[in-house]
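Biologist: I'm new to this one, could you put it up and walk me through the helices?
Modeller: Gladly, here it is.

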Amino acid sequence: MTWNEIPEAEPEPIQAAGWVRLLVRGIPVGLLVFGGLAILLLLRLIERPLFGLHRPITPMMTKFVCRNALRLLGISYRVEGEPMRHSGAVVANHASWLDIFALNACQTVYFVSKAEVSKWPFIGWLARATGTLFIRRDRRDAAEQKTQFEERLLAGHRLLFFPEGTSSDGLRVLQFKSTLFAAFFTDDLKENCHIQTATVTYHAPNGEPDHFYGWWGDMEFGAHLLQTLAAPRQGAITVVFHEPLKVSDFANRKALAQRAEEQVRRGFRKEVQSAI
C-alpha cells in the first residue's frame with residue numbers, strides 16, 4: 001500500500017461546542033465568499049466587454065476574499081519571498097482545498113485545474129468565476145490544451161498549476177509530472193517566460209494529526225470542511241516563493257520540471273525542519 005491507499009480514520013462526531021465554532025466561523029466565511037463572488041460577477045459584466053481576457057479589476061476582489069477568509073477561519077498565514085513580476089506561471093505542491101485561498105491571497109494568478117472540478121459544488125463555482133483554466137487529462141487533448149495555455153499566457157495571465165497531478169496528505173511532496181511544462185517551450189513563449197515555484201506548508205493545530213489539513217483521494221469535501229470549521233484550534237499555513245526559473249535556460253520540459261520539483265522539495269524540508 002502507498003500512503004494515499006491507507007484508509008482515512010473516521011472523523012470524530014462534532015460535539016455541541018464544535019457546532020457553535022462551525023457556525024461562528026462558517027457563517028462569516030460563507031457571507032464573505034458568496035458576497036465577494038456576487039460582486040466579482042457584477043464587476044466582470046463591466047470588465048469583460050472592456051478588456052476581454054484581461055482582468056485588471058476582479059483579481060483584487062479574489063485576493064481580498066481569500067486573505068480575509070483565512071483570517072475568519074482563524075488560520076495563521078505567512079508568506080516568504082516575493083511573487084515574481086515576470087510573465088509566466090507559478091507551480092506549487094498540492095495538499096488541500098485550502099491551497100486555493102493560500103495561493104490566491106498573496107498574488108494574482110489563474111488556476112489550471114482538471115475539468116471535473118468545474119462541476120463540483122462550491123469549489124467549481126468559485127473556480128469558474130475567478131478564471132480557472134479547465135483541462136482534461138487525455139493525451140488526445142494535449143495539443144488543444146497547449147494552445148489554451150499559450151493564449152492565456154500571451155494575454156498576460158499568470159497561470160498556476162500543480163505538477164504533482166493530485167493532492168497529498170500535506171506531509172510530503174510528490175513527483176512532478178512534466179506534461180504541462182511543454183506549453184512553455186513554444187517559440188512565442190520560451191525566451192520571455194519564467195516559472196516560479198511556491199512551497200505550501202501546513203502546520204496542524206495543537207492536538208491534531210499532522211495531516212489535519214490534508215485533503216486527498218476519496219475524502220469528501222463537505223466532511224473535511226466541517227471538521228476544519230469545528231476544530232477547537234487552528235494551525236498555520238506558510239507559502240514560500242522561490243527564485244523564478246527562466247524557461248530558455250532549460251533544454252526541455254523534463255529538465256524544467258525536475259528543477260522546479262527540487263526547489264519545492266528544498267523549501268518543504270526547510271519549513272518542516274524549522275517547525276520541529
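Biologist: How are α1 and α2 oriented to each other, roughly parallel or roughly antiparallel?
Modeller: In this predicted model, α1 and α2 are roughly antiparallel to each other, because their axes cross at roughly 180° and angles over 145 degrees count as roughly antiparallel, those under 35 as roughly parallel, 65 to 115 as roughly perpendicular and the rest as oblique. The two axes come within 9 Å, where axes are lines fitted to C-alpha atoms, for helices over the stretch in contact, and angles run from 0 to 180 degrees between N-to-C directions. Helices (H or I, at least four residues) and strands (E, at least two) are DSSP runs, numbered from the N terminus.

Biologist: Which residues of α1 and α2 meet there?
Modeller: Among them are V29, L32, V33, G36 and L40 in α1 and M61, T62, V65, N68 and A69 in α2, with contact meaning heavy atoms within 4.5 Å.

Biologist: Before I go on, what should I know about the numbering and the cut-offs?
Modeller: Residues are numbered from 1 along each chain as its sequence is written, and side-chain values use heavy atoms, with hydrogens and water left out. As the model is predicted, local features need pLDDT of at least 70 and side-chain atom pairs count only at pLDDT 80 or more, while totals for chains, interfaces and linings use all residues.

Biologist: OK, back to α1, what span should it have?
Modeller: Helix α1 covers residues 16-51, and its 36 residues should span 52 Å at 1.5 Å a residue, which agrees with the 49 Å between its end C-alpha atoms; the expected span is 1.5 Å times one less than the number of residues. There is also a kink of about 30° in α1, centred on R44, the bend at a residue being the angle between axes fitted to the seven residues ending there and the seven starting there. Just after α1, G52 takes a positive phi of about 65°.

Biologist: And how do α1 and α6 pack?
Modeller: α1 and α6 pack at an angle of about 95°, with their axes 7 Å apart, and they are therefore roughly perpendicular to each other. The contact is made by G18, R21, L22, R25 and G26 of α1 together with L226, T228, L229 and A230 of α6.

Biologist: Switching to α2, what do its buried residues pack against?
Modeller: They pack against α1, β1, α3, β3 (110-114), α6 and β7, and the buried residues of α2 include M61, V65, C66, A69 and L73. Buried means under 20% relative accessible area, exposed over 50% and partly exposed in between, with a 1.4 Å probe and protein chains only. α2 is followed by G74, whose phi is positive, near 85°.

Biologist: Last topic, what covers the buried residues of α7?
Modeller: The cover includes β1 (76-80), β2 (88-92), β6, β7 (236-241) and β8 (245-246), and the buried residues of α7 include L256, A260, V264, G267 and F268.
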